[in-house]
Amino acid sequence: MSQKNRRLKNKGASMRTRETLAAWGFLAPNIAVWALVYVFAAGVAVWLSFQDWDLLSPPKFAGFSNYVKLFTNDPDFKRAAVNTLYYVVGIVPIGTVISLLLAIVMNQELKGITFFRTAFYMPVVTSTVAISVVWVWMFNPDRGLFNYFLNLVGVQNPPGWIYDTVWSKPAVIIENTWHYVGYYMVLFLGGLQGIPAHLYEAAEVDGASGWEKFWKITLPLLSPTTFLVVILRIIGAFQIFEEVYVMTEGGPWGSTESLVYFIYTKGFRSFKMGYASAAAIILFAVIFVFTLIQFKLQKNWVNYE
C-alpha cells in the first residue's frame, strides 16, 4: 500500500471516529436522562419489591414474601390481573381493526378529508381526564347519551354501564378504543401510503377484485405497521389506568380494577410501597414476555419486503 493510500485510510478512520464521538455527544444528554428516570427508578423498584416499607419507618428486608402473598393470598391482585387480561383481549383486536378500517377510509381522495383526519386525531391530544369525565356523563344510566338512543330504538332495560359489574369493563374498552383510535389510524395511514400504487394497477389489469387486492396486497405489505400497532396496543392495554381512575375508581365491586390501578392503591393509599413494587415488577415481566413472544412470532406473518 502506497503512503498516499495509507494517509487516506487514516484520514477516513479519523473522520469516522470524530463522527462517532459527535453522535455519542448528542445522545449523551438523552441517555443520561433515560438512565436517571427509567433505569435508576426501575432498579429502586426491584429493590423495594423485596422490602416492607410504609414511607414513614425505615424499609425492612422481606425477601420474597411480597411476591408469595401476591400469588397465593391476595384475591384483589388476581381479580385485577383477570380484569387487565380482559382489557387486553378486548382493546387489542377491536382497536386494531377499527383503526385499520378508519385508515382505509381516510386514505381515499375525498373532499374535506384533511378535516376528518384531524377530527379523528383530536382525542389523542386531549386530556384523558377531560375525556373520561365526558364519557362518565355519556354512560350515565338515566341521563347519558347511550341509554337515550337505546331508549329511542326501543330497548326497555338498557345497561347500567360503569355502574354495572357486567358492563363496566366494556364501557372502559369503548372509551379507550375511541380515545386512541386516531393515533393508530395515523400509523396505518402512513403504512397504506407507503404501498406502491403500481401493485394495485397491475392487480387491476389481472382482473383482481377489491377484496383480493386488500387480502393479497394491502394486508401483507401493511404487516410491519400492524405488528407495531399490536405491540403498542398490548403494552397500552396492560398499562390502562387513567380511564379506570376517573370513570370508576376500580368499581363497581372491583370489576374494573386494573393492575396499574391496583399498584396505585397499594402504594399511595395503603402505603405498602414494597408490596406495590412487587406487583409492578410482575406487570413488567408479563409485558416483557408478551412483547418477546410477539417478536418471536413475527417471522410467521410480518412481511418486510
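I am working with a predicted model, where local features need pLDDT of at least 70, side-chain atom pairs count only at pLDDT 80 or more, and totals for chains, interfaces and linings use all residues. Residues are numbered from 1 along each chain as its sequence is written, and side-chain values use heavy atoms, with hydrogens and water left out.

**H10, length.** I took helices as DSSP runs (H or I, at least four residues; strands are E, at least two), numbered from the N terminus. H10 covers residues 223-238. I checked its span against the expected value, which is 1.5 Å times one less than the number of residues. For the 16 residues of H10 that gives 22 Å, and the end C-alpha atoms are 22 Å apart, so the two agree.

**H10, burial.** Next I looked up which residues of H10 are buried. Buried means under 20% relative accessible area, exposed over 50%, and partly exposed in between, with a 1.4 Å probe and protein chains only. The buried residues are Ser223, Thr225, Thr226, Phe227, Val229, Val230, Ile231, Arg233, Ile234, Ala237 and Phe238. Their cover includes H3 (75-106), H7 (168-193), H9, H12 (259-268) and H13 (273-297).

**Thr225.** Thr225 counts as buried because its relative accessible area is 15%. Contact means heavy atoms within 4.5 Å. Not counting residues up to four places away in sequence, Thr225 touches Leu187, Phe188 and Gly191. I also checked Leu192: it sits 33 residues from Thr225 in sequence and 9.1 Å away in space, C-alpha to C-alpha.

**Ser99.** This residue is in H3. Its relative accessible area is 0%, so Ser99 is buried. Leaving aside neighbours within four places in sequence, Ser99 contacts Val181, Tyr184, Met185 and Phe188.

**H10 against H13.** Axes are lines fitted to C-alpha atoms, for helices over the stretch in contact, and angles run from 0 to 180 degrees between N-to-C directions. The axes of H10 and H13 come within 10 Å and cross at roughly 165 degrees. That makes the pair roughly antiparallel (over 145 degrees; under 35 is roughly parallel, 65 to 115 roughly perpendicular, the rest oblique). On the H10 side I found Phe227, Val230, Ile231, Ile234, Ile235 and Phe238; on the H13 side, Leu283, Val286, Ile287, Phe290, Thr291, Gln294 and Phe295. The contact residues divide into 11 nonpolar, two polar and no charged. Nonpolar here is Ala, Val, Leu, Ile, Met, Phe, Trp, Tyr, Cys and Pro; charged is Asp, Glu, Lys and Arg; the others, Gly among them, are polar.

**H8 against H9.** H8 (residues 197-205) and H9 (residues 210-221) pack at about 165 degrees, with axes 11 Å apart. H8 is therefore roughly antiparallel to H9. Leu199, Tyr200, Ala203 and Glu204 of H8 meet Lys213, Ile217, Thr218 and Leu221 of H9. I noted five nonpolar, one polar and two charged residues in this contact.

**Loops.** Trp161 is in the loop between H6 (145-152) and H7. Its phi is positive, about 50 degrees, although Trp161 is not a glycine. With a relative accessible area of 7%, Trp161 is buried. Glu249, in the loop between H11 and H12, also has a positive phi of about 50 degrees and is not a glycine. Pro252 lies in the loop between H11 (242-247) and H12. A cis peptide bond joins Gly251 and Pro252, with omega about -5 degrees.
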